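I opened a new page for this structure. My plan is to look things up one at a time and write down what I find.

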Amino acid sequence: MTAATFGAAPKTNESVSVNKRSKTGAIIHIILVVLVMAILLGIPFWLLIVTAGKSQAEAIVPNMSLPSHWQLLENFKTVLTDGEMIKAFFGSIVVTVPSVFLALLFGSMASWILARRTTKPMALVYTLGISGLILPPAVVTVMMLLKMIGLSGTAPGMIGVYIGIYMSTVIFFVTGFIRTIPISLEEAARMDGAKPMRIFFTIILPLLGPTLATATILVTLYIWNDVFYSLFILSGKMDLLPLNLYNVASAGLYLNNWHLIFAYIILMSLPLLLIFAFTQRKIISGITGGAVK
Amino acid sequence: MSTLNTSPKARAARRGREGGGTLKKLMQQNYPVRYLVPAYIMLLIFFFVPTVLNFIYAFTNWSAFSKTIEFNGFDNFIELFQSGTLLRDLRVTLVYAILVAVFQNTFGLILAVFLEEDTRINRFARVMFFVPVIMSALAVGYIWQAVLKTDGALNQILSFFTGQNIDVAWLGSTTWTIVVVAAIHGWKWMGLSMLVFLAGLKTIDSDVLEAAAIDGANRFQVFWRIKFPLLAPAFTFNVATSLLGSMNGFDIVQATTQGGPGGTTEILNLFIWRTFGQGLYSQSTTMSLVLFVMVLIIAVPLIWYLRRREAKIL
């Protein structure tokens, strides 16, 4: 890691001075980047891919060697059929999509009011609204509450819990953003007789694009990959991808079946990785733009 | 609402926000409170009510084994305290959170500085370092378990390079395993910290850096005296999110050590899940309340301090 610091240092000076970076400096930098990536990312991901392509006998002690013959597709097929991945995939979709959509819609509506009404009571309401950014959800009692209203172990219950947990993130990001939108746009429309609903959906919501994109990414990441809350809420009555991974990895069936666990991990990560591969530029600029103002 | 009587009111609204009764009515007309309702109903049912219930049920004997639920005062707390679990898990969670914050942000800052320039390879590296952020934390935990097992990949690599047989039990030490697991957590999220620091670095005015260079500041001085202080907002965001994320952690520890060896990596959420599975709901709830109070005591003053630090610098 110290090498990395030194590698960065010449660069720092470059951005200041007018001169172009020296050729050797650039080459050393490239070598360092490749080296750091090889150690920090190469080892775990190489292990993931080669192990997922091995037979059970070869994978029992995970190592860096290539499989004697690749059976990645066979392993994929095994986890898809025996691991009930397809059901879990649709479970994840059924829970994630409505949670993210509703959290963003409800959160944006509330944020509009919170950003525009600046009275003291409203400031308190806002503080309550973003309290979930800091406070940990009461996961045991929320499960009990769902049991009482008959939603435990169901998709709507899970969706509600996710919305409750991540609403604060949405309100925080969106309220901050709406405050930077000049109010004159709304006033012009209001003078033309537009009702609040029209103003919100035709003026405010379209302007929220970048910040909603950031919030979507973060909330989707959290929900798609969550296992802790779904362990409590679903209690085995519904399958989600990470929950399924947890179950198969803890169950005797998969004990020492590293090749299957890793095949599962690759398949499970693919949807988000593919989305990321096609939108990485937007995602990265969205996060960097939204987080620090 | 006709156009004629709207415009003067709108103008009045622009002039003074904190006005009299008409303004209040106007605000209600233009920004109706009913827009708050869906969001706050969800918050109420799925966040606030459970939180309040948490304060109640932590003082009961609620469990899978008793038919009735009765108040038992501080019995749960006393029991957890006397068994030593309360203090141990609190300490483990605190140590874990601090280590994660240190690892995640040190890695993230070094990467950000290292990959700051917009060259093709740097851009590629940034994307690659973001991949662990996208992956499931549980999956990350299993991968690292395979790397760090005593007969796992890392020991094999070390044995290969040193020529000796190395069999360090990375996940089996009662002292050091928590550091290893926190490093894995830091590794998973360092890409996010990196991006936030990069965003902060991008906002620094190049004139300031040029002025420093003309004044003869070396690159260490430029970094520590100018760039690092100006990264204050990014620093606040990263420290707060990494601390909160790790205090609420579960997946990575569960996938690598399951709290072991000997409970030395049992963070609070692990205890909550374990005792919940045993049917001891009130103990689980009590620990959940402990976590709540701990986060409140640590996070609120810390964020307040970091924001004040920002205000002083900027």
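I began with a term: a polar contact is a pair of N or O atoms within 3.5 Å; within protein, one must be able to donate a hydrogen and the other to accept it, and residues adjacent in sequence count only if both atoms are side-chain atoms. With that rule I looked at A:Glu186, whose side chain makes a polar contact of 3.3 Å with the side chain of A:Trp112.

Ground rules next. This is a predicted model, where local features need pLDDT of at least 70, side-chain atom pairs count only at pLDDT 80 or more, and totals for chains, interfaces and linings use all residues. Residues are numbered from 1 along each chain as its sequence is written, chains are lettered from A and ligands numbered from 1 in the order in which they are written, and side-chain values use heavy atoms, with hydrogens and water left out.

**Chain A**

I looked up the elements of chain A and found 14 helices and 0 strands. Helices (H or I, at least four residues) and strands (E, at least two) are DSSP runs, numbered from the N terminus. I then checked burial: 57% of the 293 residues in chain A are buried. Buried means under 20% relative accessible area, exposed over 50%, and partly exposed in between (1.4 Å probe, protein chains only). For contacts (heavy atoms within 4.5 Å), I took pairs in chain A at least 6 apart in sequence; 71% of these join residues at least 24 apart.

**A:Glu186**

I went back to this residue. A:Glu186 lies in helix 9 (residues 184–191) of chain A. Is A:Glu186 buried or exposed? A:Glu186 counts as buried, because its relative accessibility is 0%. Leaving out residues up to four places away in sequence, A:Glu186 touches A:Trp112, A:Arg116, A:Ile199, A:Ile204 and B:Tyr31.

I also found a salt bridge from A:Glu186 to A:Arg116, with the closest N and O atoms 2.6 Å apart. The pair links distant parts of the chain, 70 residues apart, with A:Arg116 in helix 5 (residues 85–116) of chain A. Both A:Glu186 and A:Arg116 are buried. The rule for a salt bridge is a side-chain nitrogen of Lys or Arg within 4 Å of a carboxyl oxygen of Asp or Glu.

**Chain B**

I turned to B:Glu116, which forms a salt bridge with B:Lys227, the closest N and O atoms being 3.4 Å apart. B:Glu116 is in the loop between helix 5 (85–114) and helix 6 (120–134) of chain B, while B:Lys227 is in helix 11 (residues 219–230), 111 residues away. B:Glu116 counts as buried at 14% relative accessibility, and B:Lys227 counts as buried at 2%.

B:Lys149 and B:Asp151 form another salt bridge, 3.7 Å from N to O. B:Lys149 is buried at 18% relative accessibility, whereas B:Asp151 is partly exposed at 38%.

**Where the chains meet**

How many residues of chain A are in contact with chain B? I noted 109, in contact with 105 residues of chain B. The area buried between them is about 9,900 Å², and carbon and sulfur atoms give 77% of that. Buried area is the accessible area (1.4 Å probe) that two parts lose on being put together, summed over both. Across this interface I found 0 salt bridges, but 17 residue pairs in polar contact, both at pLDDT 80 or more. Helix 14 (residues 258–291) of chain A gives the largest share of the side that touches chain B, 16 residues.
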